[in-house]
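The sequence and the structure come first.

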Amino acid sequence: HFFATPSFAFSPVSGLFPRRERAAYTSRCTERRGCARVNEMAKYVMEVLTQPWKLWRKPKPEEALPEEAETPKTQLISTHQSIMEEFVKAFQSREDHPYLRDPIWRQLVYQRFLVARSWDLQKAIKMLTEALDWRTTYGTDDIPYFPPPRGFLKGYNTKELYRLYERPMRDDKKLDRMLGLLREGYHGTWHKWDREGHPVYIERSGYCDPRVICNAGRQAALEDGKKKSWEEYLLKGHVLFMEMGCHLANYQTRKLKKPVYQFVYICDMQGYGWSHIYHPVLNALKLIIENDKKNYPETTRYAFVVNAPSIVSIAWNVIAPILDKRTADKVHIMGSNYQKRLFNVVDPANLPKFLGGTCDCENDCVPITPAQPIVVFKE
């Protein structure tokens, strides 16, 4: 098709056809040959000959900054009011459930589950019903997470957070021992807020040791008589962190007087290599992701994977199919040139120095040195 029309018809110096005649000639060629691409290619050739500088490579447009991403789902309630009303009626008999007892948090839970099922009423009812049953069976609403284990909650006023806390104070020696072992190979913590008020979780993935993480779960299973698989013990630790995050979001909802029910995740991949691709820990990760999809839907605002080496794309190909598509679309994988986009979401004052921020928490914002066995503390 490139040679479908005579080249002289598009010569800028031939003078054979003025512009109108050239357009008419091209149109006639298109009709006669029945090929829609002739006109397109003709225009392209004309551009090449008359404006050759357009052949130069154009700079790749910058990706949309997170603030230009999809509209927060909180704005969808007004357009789905009738569905929300039916959903509320369906769970009136279960409002005494610990997860739905708080009227403010209950509204956010309803919204999350409806959005997760694209406002399909029956699917959302089924999903939340199964999640409530899981919480009852698993004892999720009885898992104590305060006082927080050392190193897993940094930069918050815990005295303020205690005001909303209604569970027993944490006194689980077995779980503490597992978290103590886990801390030697896992380096992540809840750390302050983003610009919109969402809790931020920072993980130094490149410094994590997947073998130590797995051994922490195996040791916990051994001490408990192997009543459950070792992956289940890691899942329990993760559920504790998720419940802590939900508490932070509930606190912010009341403080800011606006809905806050999502988290921002930052994974620093500096130092990440082939040794981190450890099959057993991927099995545990799959279990955790599947649990979050069912029981903690729509809790991800953004996930930033920074300082990502090329090997991360391999790991992402393993993880992405497991994730919900809506969640996968919120993941931003970046190399070392990430600060502009990250600072757009999180104020540098709330970021540790290794991410380009100015925060300097006591004993490091996200410690990477092996920790001593966990000590429960109160403020």
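## Strands, helices and salt bridges

Strands β4 and β5 (residues 300-306) pair in the parallel sense over six bridges; two strands count as paired if DSSP finds at least two bridges between them. The chain crosses from β4 through α10 to β5, and this β-α-β crossover is right-handed. Right-handed here means that, with the strands pointing away from the viewer, the path from the first strand over the helix to the second runs clockwise.

The model is predicted: local features need pLDDT of at least 70, side-chain atom pairs count only at pLDDT 80 or more, and totals for chains, interfaces and linings use all residues. Residues are numbered from 1 along each chain as its sequence is written, and side-chain values use heavy atoms, with hydrogens and water left out.

Strand β4 (residues 263-268) also pairs with β3 (residues 199-203), again in the parallel sense, over four bridges. Y201 has Y265 of β4 as its bridge partner. Five of the six residues of β4 are buried, so the strand is mostly covered; buried means under 20% relative accessible area, exposed over 50%, and partly exposed in between (1.4 Å probe, protein chains only).

Helix α10 (residues 279-295) has 17 residues, which at 1.5 Å a residue should span 24 Å; its end C-alpha atoms are 25 Å apart, which agrees. The expected span is 1.5 Å times one less than the number of residues. The buried residues of α10 are P280, V281, A284, I288, I289, N291, D292 and N295. Among the elements that cover them are α4, α5, α8 (210-223), α9 (230-256) and α11 (311-319).

For the chain as a whole, there are 13 helices and six strands; helices (H or I, at least four residues) and strands (E, at least two) are DSSP runs, numbered from the N terminus. Of the 379 residues, 50% count as buried. Among contacts (heavy atoms within 4.5 Å) with a separation of 6 or more, 74% join residues 24 or more positions apart. The chain exposes about 20200 Å², and carbon and sulfur atoms supply 53% of it; accessible areas come from the Shrake-Rupley method with a 1.4 Å probe, and for residues only the protein chains shown count as cover.

The structure holds 19 salt bridges. A salt bridge is a side-chain nitrogen of Lys or Arg within 4 Å of a carboxyl oxygen of Asp or Glu. Side chains of opposite charge can pair when their charged atoms come close.

| Pair | N to O distance |
|---|---|
| E86 and K89 | 4.0 Å |
| D133 and R94 | 3.3 Å |
| D329 and K325 | 3.1 Å |

D133 and R94 form a salt bridge. This pair links distant parts of the chain: D133 is in helix α5 (residues 121-138), and R94 is in the loop between α3 and α4 (103-116), 39 residues apart. D133 is partly exposed at 38% relative accessibility, and R94 is partly exposed at 23%.

E86 and K89 both lie in helix α3 (residues 81-90), three residues apart, about one turn of the helix. E86 is partly exposed, with a relative accessible area of 41%, whereas K89 is exposed at 52%. K325, the partner of D329, is exposed at 63%.
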